[in-house]
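The sequence and structure are shown first.

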Amino acid sequence: LIPIVTAFTVAHSITLIASAYDLAPSVLWFPPLVETLIAASIVYMALENIVGTSNVHRRWIITFCFGLVHGFGFSFALRETLQFAGSHLLTSLLSFNVGVELGQLLVLVLMIPALELLFRYAVAERMGTIILSAIVAHTIVYSFFLILSNVKSICAASDQSDFWIITSHTRKSVNTISSGDC
C-alpha cells in the first residue's frame, strides 16, 4: 500500500505545484470538471474494489493518474491560503505535501490493524471490502448529486454563473454533508 499512497502524493504534488505557479488552466469550467473527476475517481476505485479486478502494478498507475486530478482539487482549496506564503511558496507546498503523506501513512497505520481485526472476527475480507467500498461509492455519489443540485439552483437563481459563488456554495455543501447536518 505504501507505493500506492506515495504515487498518489507524488502525483498531486506535481499538479499542486504546477497550479500554484499558474501552469494550470484558469478557465471557469476547469474547477467543476476537476471536482467531477475527483468524485468519479473515488467511485471508480470503490467499484474496482467491489469487482475485484485490480492488481498492485496497475493500481499504483491508476492512483498516480487520480493523484494528478486531486492535486488540482487541493490547489483550488489552498489558492487563498497560498497567497500568504510569499517568497516561500515552494517550501509551503512541499511542507503541505509532506504533511499529506504523513497523514496518509498514519491512516494506514491505524486502519490496517482495524481492518485486519474486522476481517478476522466480524466479516470475511472479500465481503467486508465489498460492503465498505459500496458505502464509500454511495456516499460520494449522493454527495456529488447533492452538490450538483445546489450548483444548479444557484445558476438558475442568478443571471450569471459566477464561479466563486458556486465554489463557495459547493464548499458549504461539502461541509454540511461532512458534518451530517443535511
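## Salt bridges

Glu-48 and Arg-59 form a salt bridge in which the closest N and O atoms are 3.0 Å apart; the term denotes a side-chain nitrogen of Lys or Arg within 4 Å of a carboxyl oxygen of Asp or Glu. This pair links distant parts of the chain, with Glu-48 in helix H2 and Arg-59 in helix H3, 11 residues apart. Helices (H or I, at least four residues) and strands (E, at least two) are DSSP runs, numbered from the N terminus.

Glu-48 also forms a salt bridge with Arg-58, where the closest N and O atoms are 2.8 Å apart. Here too distant parts of the chain are linked, Arg-58 lying in helix H3 and Glu-48 in helix H2, 10 residues apart. Glu-48 is buried, because its relative accessible area is 5%, and Arg-59 counts as buried at 14%. Arg-58, with 31%, is partly exposed. Buried means under 20% relative accessible area, exposed over 50%, and partly exposed in between (1.4 Å probe, protein chains only).

## Model and overall composition

The model is predicted: local features need pLDDT of at least 70 and side-chain atom pairs count only at pLDDT 80 or more, while totals for chains, interfaces and linings use all residues. Residues are numbered from 1 along each chain as its sequence is written, and side-chain values use heavy atoms, with hydrogens and water left out.

The protein chain has 6 helices and 0 strands, in the order α-α-α-α-α-α from the N terminus. Of its 182 residues, 32% are buried.

## Nonpolar cores

In soluble globular proteins, nonpolar side chains tend to be buried together. A nonpolar core is a set of buried Ala, Val, Leu, Ile, Met, Phe, Trp, Tyr and Cys residues joined through side-chain atoms within 4.5 Å. The largest one holds 7 residues: Ala-24, Phe-30, Val-34, Ile-38, Val-69, Phe-72 and Phe-76. Helix H2 (30–51) and helix H3 (56–82) are the elements that give two or more residues to this core. Another core, of 6 residues, lies apart from it and includes Leu-78, Ala-85, Leu-89 and Leu-93.

## Helix H4

H4 has 33 residues and spans 48 Å from its first C-alpha to its last, close to the 48 Å expected at 1.5 Å a residue (the expected span is 1.5 Å times one less than the number of residues). Its buried residues include Leu-89, Leu-93, Asn-97 and Val-100.

Met-111 lies in this helix, which covers residues 89–121. A kink of about 25 degrees lies at Met-111, shortly before the proline Pro-113; the bend at a residue is the angle between axes fitted to the seven residues ending there and the seven starting there. Met-111 counts as partly exposed because its relative accessibility is 40%.

## Loop between H1 and H2

Asp-22 lies in the loop between helix H1 (2–20) and H2. Although Asp-22 is not a glycine, its phi is positive, at about 60 degrees. Most residues other than glycine have a negative phi. Asp-22 is exposed, because its relative accessible area is 68%.
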